[in-house]
Structure formats: C-alpha cells, structure tokens
Amino acid sequence: MDYLYHPFASKRHTVFAKKGMVATSQPLAAQAGLEILQKGGNAIDAAIATAAALTVVEPTSNGIGGDAFALVWVKDELFGLNSSGPAPQSISVEALKKLGHEKMPIHGVIPVTVPGVPAAWAALSKRFGKLSLLEALQPAIRYAEEGYPLTPILGKYWKLAYNKFKANFTTEEFEAWFETFAPGGEAPEIGEVWKSPDHAATLKSIGESEARSFYEGELAEKIDAFMKKHNGYLSKSDLSKYEPKWVTPISTNYRGYDVWEIPPNGQGMVALMALNIFEKLSPPAWQSAETLHQQIEAMKLAFTDGQAFITEPEDMPILAEVLLSDEFAEERSKVITDTASDPVPYELPKGGTVYLAAADEEGNMVSFIQSNYMGFGSGIVIPGTGIALQNRGADFSLDESHPNVLKPGKRTYHTIIPGFLTKDGQAVGPFGVMGGYMQPQGHFQVITNTIDYLLNPQAALDMPRWQWMKGKSVHVEPEFPNYLVQALARKGHEVHVTPEGGSFGRGQIIWRDNKTGVLQGGTESRTDGAIAAW
C-alpha cells in the first residue's frame, strides 16, 4: 500500500470549536496540545506541549537544538519572543578562512549556533503558563518513551534525509545521528514505530530544571564535550550566557487589518514590506494575471531588500522603520512595470521548520515556530541525548562588507517567523507558513487570500501557491491554473510547474470571532496537518 499515492482530489473544511484549538503539522502533536488544554492548561501551555511533541513526532523539521520565535496574545496585548541563538564567541571569519572556507558550511559542527528552543519553552511557561514546564512536556516525553508510528509526509522526508546523509556523512561526528534516527541501519518506514528514550530523558531534564540543565548543567556539559572533541565552536560558556529576548512586535496596516511579525533579526519584515508595496498598486482581482504579477514583483523587491539589509538591528545599514514606511513602499512600487524584473536592492543614501497555532476559551492565543533549519539541521546529534543541533549559522556571510557577516555572539538573518492578525485593536488570530525562504511569501499569500478574497482559513491555505526563487524564476504548484502560468510567461516570468507542493510551505491558521468566542481553524493539506479542538 502506497501511503503517498492520492489519485483523487480531497477536501478539508474549516474546523470550529469553542473551548480550545491547536493546529499544527502532525496529528499527535496537535493532540498533545489538546491534552494539556483539557488538563487545565492555557493556550501557552498547549503551545509548549505541542512544540515539544513536534521535536519527537516531526524531527525532520525541528528539534531540541533549534531556535524558536513566538507571538503571544494575552489580555488584549501582543508580546513577542525572540529565542534565536547567537554564533559562538570563539568563531570568526578569520578562523574559518584559515581552515579554507570561503563561505559558511551547511552541515557539521561549524554552522551550529546556540539553540534557543528550550529557553523559549521555559520563558513562555514562566511568564504566561498555568502549568509547570514539566507538566507541559509530559505528552512529548510519553511519545519519545513509548514510540509512535510515522505519518506519510514525515516518513517521506525522513527517508530522503537518510539517503542524503548516508551518501555524504561518513565521519565520526555524524554517527549519533544514524544511531538515533536510523536504528538498525535504516530509516523507519511510514507506519513503523520509532522511539527515542534518550530524547525522553532529555525532555525530562529540561522540564525538571526549567531548561537550566540544557544551558548550565549535564546537557550543556555533554554538548561542550562533543564540540571540543570534534573541533566545534559552541561551548558551555556560550550556552550559560544565553537568554531569549522579549521584543516589541512590528506591524503594518493592510487594508484595515494590522499584520504583526517579529522584528529583525527575523525575515518577518519581508512579508510586511511586500504587503506595503502591493497595496500601492492596482486593486487586487481574483485569479488575475495582472494582480499575480504585481504580487510577485512586490515580493521580489521586499525579499531583495530584506536579504541585503536584515540582520541584527545594530548592524543594519538602514532602520527597520524606514523599510516599513509608507514613503519607502511608494518609492519601491514605482520600480514595478508590466513585465518581470530582475531585482536589485534599494540603493541606500550615501553616508524546513514547524509552525503551530494555539488558542483557548479565555482568549489567549499563540503563534509559535521552531526549527533546526534545512530539515534535520546540522546532522549533529549529541550522543545519548537525542539533541539534534541546528545549522542556523549557515546563513552568515563571510564577506566582511555584508551586514550579515559572521561575528562572535551575533545572531544571523533568520528565516522562521510567526504571524498574527488584529483589527481595531482586537485579535483575529495567529497564522504562519513554515518553509525556509517560502515563509514570508506564504505569509503574504495567506493574508491577501484572507483579506482581499475573503477566503475561510482552510481555503486560504489550500489555494495553490507561487514561490519566487531568484531573478525572473517563479515556481508554482501542480494545481496552479495553466492560463495564469501562460499569462505570467508572457510577462517575462520564467515559470516552472513543480511535480508536487512540498516546497511551498506548511501553514496553520486559527481565527477567533470576538463576539461569540468561536474559534475557526485551517490546517495544511501539503503535510500531515491536523487540528485538535474541543
């Protein structure tokens, strides 16, 4: 039986509930969040439970050794948490160039930055949770101890990663990855049960110590010892100094709605910039080639500027407020013509990931995202812990003149972004689309689908997506209307219809009716998405 064979179109409907809802990319993780809600936890506890479960039941996209961001709505106020970690203090451009590197490696110990995920769970629990961190982690601990059967899309990407790793990673530092994720010498199959007792023990330790064991205790010592053995840069000193940052979310008003993102070093600002530019152009029309062309061109400009300028705020050559200004959007919109462009950054004046949404009946709502980056991340697993470390440092530049140049203690340009929508000071709800550089493009498309076309949450996610790649190159999903593909080609776009939709992001949405309190959720049809509600 082929669990990836779907010869017939299927359809999901929006899910409605009153008391609580969790939407994410894996059914067991959604169920973990619901379990915590039913035990008396709030949306924040449910988000932590779901996030922790995802490190077990979707390790192809995230892990304990990754980074996280959150937008949290509590008592009519939106809070932002940036739990991305910096580069180690001992790393430098000079050190890597002496080793012969002209650009940052993608795998191994070098691109590993300080993980922020455990600190994010602890910070959210301490500030907003009703239950203890250990209580919130119990479902994840159970899944790791007892095991669970792989879902179809999970199994697909697990096997792809195994085949790549087996062909390329033959040195000693990668052995623990195979011991953890390919027990018996093979990747687990769809429907096969996989368990990780080491992962369970690590989660217990994090819960009991409110994550301090990861940054100061036994887990930190194991990470430090592994890195020393394999000439890595991350140290116990780097871990002990780390604290996540509560930040003020940034927003733009798009046709009467406020769209919220985490400020730099994240790329959420790219989505806001694209919305600002697009709003300056012609009024949107349903399934119109002209509207689609303008959306792609707006996204190109926003992305090109974002990748040129976004990094740690103090290292940005232009203020975030300028990039989000009405004047900047007006100036950039003038660049757009009726044919496809090959974008260049604004000339300055001289001088893989998992996403979840959670909500409860009290009105608390969470938009949460965490990632190891590029699937399993660095390929490094700390032996005996189940901790798979991220490769987020791969995005640093080794060009000394680039704003995102590698520096000790610096956070890199970050791809993972949670989103939130409000109107007239009231919460509409959390949304997100994970998937590397697809994320701001997914945010942009979900918001325009919702606001411009009044699509329900599920339809807003199901609508066929486009993805700007570079230059004039645009990828579209197999279901994308052919007449639009042809029309875009006539405008000079180099359009590629992909054989599947796996690279177009995985989204979740929960909207709340402020009059009735009714929650309405949509989940991603491109993965093993699920909504748990009551």
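In which hand, left-handed or right-handed, does helix 2 pass helix 4? Helix 2 passes helix 4 in a left-handed crossing, where a crossing is called left-handed if the near helix is turned anticlockwise from the far one by less than a right angle, and right-handed if clockwise. The structure is a predicted model, in which local features need pLDDT of at least 70 and side-chain atom pairs count only at pLDDT 80 or more, while totals for chains, interfaces and linings use all residues. Residues are numbered from 1 along each chain as its sequence is written, and side-chain values use heavy atoms, with hydrogens and water left out.

**Helix 2 and helix 4**

- The axes of helix 2 and helix 4 are 9 Å apart and the two pack at an angle of about 165°, with axes being lines fitted to C-alpha atoms, for helices over the stretch in contact, and angles running from 0 to 180 degrees between N-to-C directions.
- Helix 2 and helix 4 are therefore roughly antiparallel, given that angles under 35 degrees count as roughly parallel, over 145 as roughly antiparallel, 65 to 115 as roughly perpendicular and the rest as oblique.
- From helix 2, Ile44, Ile48, Ala51, Ala52 and Thr55 meet Trp121, Leu124, Ser125 and Phe128 of helix 4, where contact means heavy atoms within 4.5 Å.
- The residues of this contact between helix 2 and helix 4 divide into seven nonpolar, two polar and no charged; Ala, Val, Leu, Ile, Met, Phe, Trp, Tyr, Cys and Pro count as nonpolar, Asp, Glu, Lys and Arg as charged, and the others, Gly among them, as polar.

**Helix 12 and helix 16**

- Helix 12 (residues 268-279) and helix 16 (residues 439-451) have axes that come within 8 Å and cross at roughly 45°, helices (H or I, at least four residues) and strands (E, at least two) being DSSP runs numbered from the N terminus.
- That angle makes helix 12 oblique to helix 16, and helix 12 passes helix 16 in a right-handed crossing.
- Val270, Ala271, Ala274, Leu275 and Phe278 of helix 12 meet Pro440, His443, Phe444, Ile447 and Thr448 of helix 16, and by class this contact has eight nonpolar, two polar and no charged residues.

**Nonpolar cores**

- In the largest nonpolar core, which has 96 residues, Val56, Trp121, Trp158, Ile206, Phe214, Phe368 and Leu406 touch the most other members; such a core is a set of buried Ala, Val, Leu, Ile, Met, Phe, Trp, Tyr and Cys residues joined through side-chain atoms within 4.5 Å.
- Helix 2 (residues 43-57) gives the most to this core, with eleven residues.
- Leaving aside neighbours within four places in sequence, Ile206 is in contact with Ile64, Pro118, Trp121, Leu133, Leu137, Ala211, Ser213, Phe214 and Leu219.
- A second, separate core of 56 residues includes Leu292, Val428, Val476 and Leu488.

**Loop residues**

- Met104, in the loop between helix 3 (93-98) and helix 4 (117-128), is buried with a relative accessible area of 6%, where buried means under 20% relative accessible area, exposed over 50% and partly exposed in between (1.4 Å probe, protein chains only).
- Not counting residues up to four places away in sequence, Met104 touches Leu96, Ile110, Pro111, Gly393, Ala394, Phe396, Leu398 and Leu406.
- Asp76, in the loop between strand 3 (67-74) and strand 4 (77-83), has a positive phi near 60° although it is a residue other than glycine, and at 63% relative accessibility Asp76 counts as exposed.
- Met374, in the loop between strand 11 (365-371) and strand 12 (381-382), is not a glycine but has a positive phi of about 50°, and at 34% relative accessibility Met374 counts as partly exposed.
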